[in-house]
Amino acid sequence: MIDFQKYVRYSKPGPRYTSYPTAVEFSNAFESSAYKEALKRADLTKIPLSLYTHLPFCRSACYFCGCNVIYTSKEEKKPRYIEYLKKELALLKQSFDTTREVVQFHFGGGTPTFFNAKELESVIKALCECFPNFAKDCEISCEIDPRYFDIEQMRVLKAYGFSRLSFGVQDFEECVQDAIHRKQSFKIVKNAIELARSFGIKSINFDLIYGLPFQSLQSFERTLDSVLELSPERLAVFNYAHVPWLKKTMRKIDETTLPRPQEKLQILQNSIEKLTKNGYEMIGMDHFAKKDDELYLAKARKQLRRNFQGYTTKGFSQTIGVGVTSISEGIDYYAQNFKDLSLYENALDNGILPTERGIRLSKEDILRKSVIMELMNNLSLNFASIESAFGIDFKTHFAKELSELKPFEKANLLKVNSEGIFTTPTGGMLIRNIAMLFDAYLYKNVGKDTFSKTI
């Protein structure tokens, strides 16, 4: 039995590393013209494209949510938003070669299924007109709120080749759902899954969250039992990021009801053991997949990649973010659209790409990004692969960081040998802490209310 109490000292603020450098380092000096220059540079690489479209609206607040959303029940907001998406697509078409191959496309939110079938089809058509070259094996996915999902929406998604659906589940316990303001019964979720299966959807993901109010080891195991009954191909088991200083809705959560760090580690360990016994393989930090699923196969092929949507399967591709607050990524840049809807609209009304901020990566940034992402993807790191790609001697370049890993090694969280860094099962649960040692920007943010705790 692991004594989780001794690992509580690792519970400290830290990034999730969906990017490196993290979004904290994005600057308003990187705006529309800088993004256009980045797009032109990326055209020369001929790297395939990954599309992300942000549909930001939600009918009501889920108190746990850290996403960029707009709460509304006004139907007229949706067609207006679609018209502005089309304006953005028109500007993107003028800015770079949109005929390059698209290997991945994702609808995120917000609640994409807040848009009805006709509205979803309008957005998809506009995207297909702007980006006409979808790969035959393109992974096309959509986030689904099972409370707002009907057969007409499913017909549209199926007609346009959507092959993977991700359902927000969080937890099946009624008291937890009450506390987070997200009521959805097992029956509602089951009906949504059965609808997707009836249309031949063979890759379904559930998003679960541990660390929510009133959760315990026993209650989360009951949720896992219900999940296993529905048998999704993939699972994301996220650590709840409690950041009430950033998200006002989180202030509605009673912090005294949140499980303690050692309880959260027990929940995570139990989840790993239970899911592994039931045919799932742990992928990176917080994802699980059946062994015949593309996510597991991508890990085996060393094509796994981590970005703002989590783990993806196609190796590196240039992400084009469309919509308010969406983030784009290239080899040497990140660019984020305005979070404020009125500023987003104003830029487009003036014929300007709605880029609010971003960053151009230095050579050192790109090197450290590769190190951190390999750790996050594989829970290990091979020195030779980094040395070959960047022409460095790893142990010389990262002598300071390797020295700082020694306490983790003494705590049996990892091993370092001539070939690389290899985490133990417990160390894998603390991979964010390990990756943080390679973050050149982190220490200037110490003490700021910037990141959620790693445990």
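**A threonine and its surroundings**

Modeller: The side chain of Thr424 comes within 2.9 Å of the backbone oxygen of Asn412. The model is predicted, so local features need pLDDT of at least 70 and side-chain atom pairs count only at pLDDT 80 or more, while totals for chains, interfaces and linings use all residues. Residues are numbered from 1 along each chain as its sequence is written, and side-chain values use heavy atoms, with hydrogens and water left out.

Thr424 sits in the loop between β19 (420-423) and α16 (425-429). Helices (H or I, at least four residues) and strands (E, at least two) are DSSP runs, numbered from the N terminus. Thr424 is buried because its relative accessibility is 15%. The cut-offs are under 20% for buried, over 50% for exposed, and partly exposed in between (1.4 Å probe, protein chains only). Leaving out residues up to four places away in sequence, Thr424 touches Asn412, Leu413 and Leu414. Touching means heavy atoms within 4.5 Å.

Now the spaces. Rolling a probe the size of a water molecule over the atoms shows where empty space is left. On a 1 Å grid over the protein atoms alone, a cavity is a set of points where a 1.4 Å probe fits but cannot get out; a pocket is an open set with protein on both sides within 12 Å along at least five of seven lines; lining residues have an atom within 4 Å of a point. Points are joined across faces, edges and corners, and a volume is the space filled by probe spheres set on them.

There are 2 cavities of 30 Å³ or more. The largest cavity holds about 160 Å³. Its lining has 17 residues, and Tyr210, Asn239, Met285, Met429 and Thr454 are the closest to its centre. β8 (234-239), α8 (261-277) and α17 (431-436) each give at least two residues to that lining. By type, the lining has 10 nonpolar, 3 polar and 4 charged residues. Here Ala, Val, Leu, Ile, Met, Phe, Trp, Tyr, Cys and Pro are nonpolar, Asp, Glu, Lys and Arg are charged, and the others, Gly among them, are polar.

The second largest cavity has about 30 Å³. Asn307, Phe308, Gln309, Thr319, Ile327, Ser328 and Glu329 line it. Strand β14 (residues 327-330) supplies the largest share, 3 residues.

Of its 20 lining residues, Leu304, Ser370, Met373, Glu374 and Asn377 lie nearest the centre. β11 (305-307), α11 (363-378) and α12 (383-390) give two or more residues each. The largest share, 7 residues, comes from α11.

Last, the cysteines. The structure has 0 disulfides, a disulfide being a pair of cysteine sulfur atoms within 2.5 Å. Cys67 has its closest cysteine sulfur in Cys65, at 3.8 Å, which is too far for a bond. For Cys175 the closest is in Cys62, at 16 Å, again too far for a bond. Cys67 is partly exposed, with a relative accessible area of 39%. Cys175 is partly exposed at 39% relative accessibility.

Definitions and conventions. A polar contact is a pair of N or O atoms within 3.5 Å; within protein, one must be able to donate a hydrogen and the other to accept it, and residues adjacent in sequence count only if both atoms are side-chain atoms.
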